[in-house]
Amino acid sequence: VWDIETCTGWRLPTEAEWEYLARGGKEDLYSGGPEIEDLGWVKSNSNDELHPVAQKKANAFGLYDMSGNVFEWVWDYYGQYPSTEATNPVGPEGGMVRGCRGGGWSMEAKFARSSRRMRDDPSVRSGFIGLRLVRKR
């Protein structure tokens, strides 16, 4: 069993870390602003295809493509958020599906919102799901 606290080196971000990075210290609807057209590839502007990274504007942290293009896996198994306030919560210890965030080129813009939560079976392979790695300092 992997433990987020003892993991060294590169790993998937937790769902909370992913959202913090996507928001870039702001409360914008999408990663980098309120309008998706300048920020990410979604159904309305992708021409139904995946696009190279960094073709749209970055967010305030200098991160590209956190809204749209491909969903990104997160560390957490998918589950309900805690009912009480929490700082950097981690999802359930196990489950059948993992969280993914960010929306994709074949999806409507609402799925690319920084707050939108999705889930999928981790054995899935497709052109809709990718990943972004983080590491401890």
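**Helix, rings and charges**

Author: Happy to. Helix 1 has these buried residues: Glu15, Glu17, Trp18, Glu19, Ala22 and Arg23. Please keep in mind that this is a predicted model.

Reader: Is Glu15 buried or exposed, and what is it in contact with?

Author: Glu15 is located in helix 1. Its relative accessibility is 4%, and buried means under 20%, so Glu15 counts as buried. Setting aside neighbours within four places in sequence, its contacts are Val74, Asp76, Tyr81, Arg101 and Arg117.

Reader: Arg117 has a charged end; which ring does it sit over?

Author: Arg117 is one of the residues in contact with Glu15. The charged end of Arg117 is 4.0 Å from the centre of a ring, and that ring belongs to Tyr81.

Reader: And the charged end of Arg98, which ring does that sit over?

Author: Here the distance to the ring centre is 3.9 Å. The ring under the charged end of Arg98 is that of Tyr77.

Reader: How many aromatic pairs are there in the whole structure, and how are the rings of Tyr20 and Phe61 arranged?

Author: Searching the whole structure gives two aromatic pairs. For Tyr20 and Phe61, the ring centres are 5.5 Å apart and the planes meet at 50 degrees. Planes under 30 degrees apart count as stacked and those over 60 as edge-to-face, so this pair is tilted.

Reader: How many residues apart are Tyr20 and Phe61?

Author: Tyr20 belongs to helix 1 (residues 15-23), while Phe61 is in the loop between helix 1 and strand 2 (71-77). Tyr20 is exposed at 52% relative accessible area, and Phe61 is partly exposed at 38%. The pair links distant parts of the chain, 41 residues apart.

Reader: What about Trp105 and Phe128: how are their rings arranged?

Author: Trp105 is in the loop between strand 3 (98-101) and strand 4 (117-120), and Phe128 is in the loop between strand 4 and strand 5 (129-130), so the pair ties together parts 23 residues apart in sequence. Trp105 is buried at 14% relative accessibility, whereas Phe128 is partly exposed at 36%. The ring centres lie 5.2 Å apart with planes at 25 degrees, so the pair is stacked.

Reader: Where is Leu39, and which residues does it touch?

Author: Leu39 lies in the loop between helix 1 and strand 2. With a relative accessibility of 5%, Leu39 counts as buried. Not counting residues up to four places away in sequence, Leu39 touches Tyr30, Ser31, Gly32, Gly33, Lys56, Lys57 and Ser67.

Reader: What radius of gyration does the protein have?

Author: The C-alpha trace spans about 40 × 30 × 30 Å along its principal axes. A compact globule of 137 residues would have a radius of gyration near 14 Å, and the protein agrees with that, at 14 Å.

Key: Residues are numbered from 1 along each chain as its sequence is written. This is a predicted model: local features need pLDDT of at least 70, side-chain atom pairs count only at pLDDT 80 or more; totals for chains, interfaces and linings use all residues. Side-chain values use heavy atoms; hydrogens and water are left out. Rings of Phe, Tyr and Trp (its six-membered ring) pair if their centres lie within 6.5 Å; planes under 30 degrees apart count as stacked, over 60 as edge-to-face and the rest as tilted. Helices (H or I, at least four residues) and strands (E, at least two) are DSSP runs, numbered from the N terminus. Buried means under 20% relative accessible area, exposed over 50%, partly exposed in between (1.4 Å probe, protein chains only). A charge sits over a ring if NZ of Lys or CZ of Arg is within 6 Å of the ring centre and within 35 degrees of the ring normal. Contact means heavy atoms within 4.5 Å. The radius of gyration is taken over C-alpha atoms; the globule rule is 2.2 Å times the number of residues to the power 0.38.
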